[in-house]
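Hi everyone, thanks for coming. Let's look at this one together, and do follow along on the screen as I talk.

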Amino acid sequence: MTGRFRESWDGIAPIGRDAGSGGYLRYALTAPELRLREWFRTQADLRGMPVSEDGNGNLFAWWGDPDAGGPSTGGPATAGPNTDAQTTGDRAGTGAVLTGSHFDSVPHGGAYDGPLGIVSAFLAVDELRAAGVTPVRPVVVAAFVEEEGARFGVPCLGSRLLTGEIDADRAAGLRDAAGVSFAEALGHRPAGADPALLGRFAAFVELHVEQGRALVDADAPVAVGSAIWPHGRWRFELRGEGNHAGTTRMADRRDPMLTFAFTVLAANKEARLRDAHATVGRVAVEPNATNAVPSRVTGWLDARAAAPETLDGLVEAVRAKAAERARRDGTELTVTRESATPLVTFDGGLADRLAGLLAAPVLPTGAGHDAGVLAAHLPTAMLFVRNPTGVSHSPAESATDADCAAGVVALARVLEELACH
Ligand code: GLV
Ligand code: MN
Ligand code: MN
């Protein structure tokens, strides 16, 4: 499997790689990501898996008939002994098992975040076929669009659209840095919620590279996800007075950069005080000139915490400190929440069942995933593959071919368990 993984991986490795940083520029619906979507169709064709689209930019390759069956009616396809009946009991014996992930990257991101889940899904299908295993319900490989939110600002945009968690009109109007709207990039207005399609899925299992070092510490190649920390993005817009850097007396300035700098330090301090995470990784300055006091600074706060009330307290503390500093600087502050993802606790029965099946550890994560969005709608699980550097959203992200192969074998066992009995 290690050789087959490498061969498949080499097929996508050059796509969107920046020669300078070694990282990836695979923004949703731009040329590199469109090439990856073509690769997806080719892989599906090679395996005789018809591809359907949901009108939101998400692709689905079906091992099984995409038109057969219908919304689920009874028969707990994924129910294990501890499975919560409310989350699994109304799902059909014929409901499809969905797997896959996303192709898009953050700017100069790593190779594995996203694509590993799609490549592994196709290889897991091969693994089951080679073993002569036949699914009794469809296995579906998905490529979700704009998971990172790196182009249009809202993470997990494709899965939020499919599940109705974002309004189609709002999504249509989201614009990238060049002013292109999501609807323009997609070529049409997104279709929005598709409860009929969603109802065809009995479970979702997303395989993903681990984005920390827990598996290095646990000395294990694969883990099962237990939860995703609640998290979100807040835009802090600070307006002051643009002016000449050489002639404006220090006492006369209304400099939003000062308020911004204070806000960044406050975010770091408030997060540390709460064992939470706060990051300001993106900033826009106007007019962005060395010899001008800025007129406007916009910073994006990414905040995450283990508990929702901790997250709320963190963001409120940063907002209050920024507002207080703005008063002293003579600047104006507007805070806008751009996205929010509540605490996700994956289906406990399913996680325990998969952890038992794979003899794998169970881990929470602070990273967001389409699995976190889908978990509110169907029994969902995640598999994590060890990342020796523990680094992610960076070219330093890594995974060995042997661990990726172990991930494929683990995913194949999970798909067999969920779709083939
Ligand atoms: C996605 O990777 C996120 O956690 O922001
Ligand atoms: Mn990511
Ligand atoms: Mn990801």
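Let's start with the manganese ion that is ligand 3: along the sequence, its donor residues follow the spacing H-x10-D-x94-H. Please keep in mind that this is a predicted model.

Which residues are these donors, and which atoms do they use? They are H102 through NE2, D113 through OD, and H208 through NE2, and they lie 2.0 to 2.2 Å from the manganese ion, ligand 3.

Now find D113 and H208 in the fold. D113 is in the loop between β3 (96–102) and α4 (115–130), while H208 belongs to strand β5, residues 201–209. The two are 95 residues apart, and the pair links distant parts of the chain. Are they buried or exposed? Both D113 and H208 are buried.

Let's move over to ligand 1. Around it you'll find E147, E148, R304, A367, G368 and H393. R304 has a polar side-chain atom 2.7 Å from an oxygen atom of ligand 1. For H393, a polar side-chain atom lies 3.1 Å from an oxygen of the ligand. In E148, a side-chain N or O atom is 3.1 Å from an oxygen atom of ligand 1.

How much of ligand 1 does the protein cover? On its own the ligand has 190 Å² of accessible area, and the protein covers 94% of that. And where does ligand 1 sit? The space it takes is the largest pocket.

How values were computed
Residues numbered from 1 in each chain as written. Chains lettered and ligands numbered in written order. Predicted model: local features only at pLDDT ≥ 70, side-chain atom pairs only at ≥ 80, totals over all residues. Heavy atoms only, no water. Donors = N, O, S within 2.8 Å, 3.2 Å for Na, K, Ca; no water. Helix = DSSP H or I, 4+ residues; strand = E, 2+ residues; numbered from the N terminus. Buried < 20%, exposed > 50% of the residue type's maximum accessible area, 1.4 Å probe, protein only. Near = heavy atom within 4 Å. Polar contact = N/O pair within 3.5 Å; in protein donor to acceptor, adjacent residues only side chain to side chain. Areas by Shrake-Rupley, 256 points an atom, 1.4 Å probe, with all protein chains shown as cover. 1 Å grid on protein atoms, 1.4 Å probe; cavity = no way out; pocket = protein on both sides within 12 Å on 5 of 7 lines; lining within 4 Å. Sits in = over half its atoms within 2 Å of the grid points.
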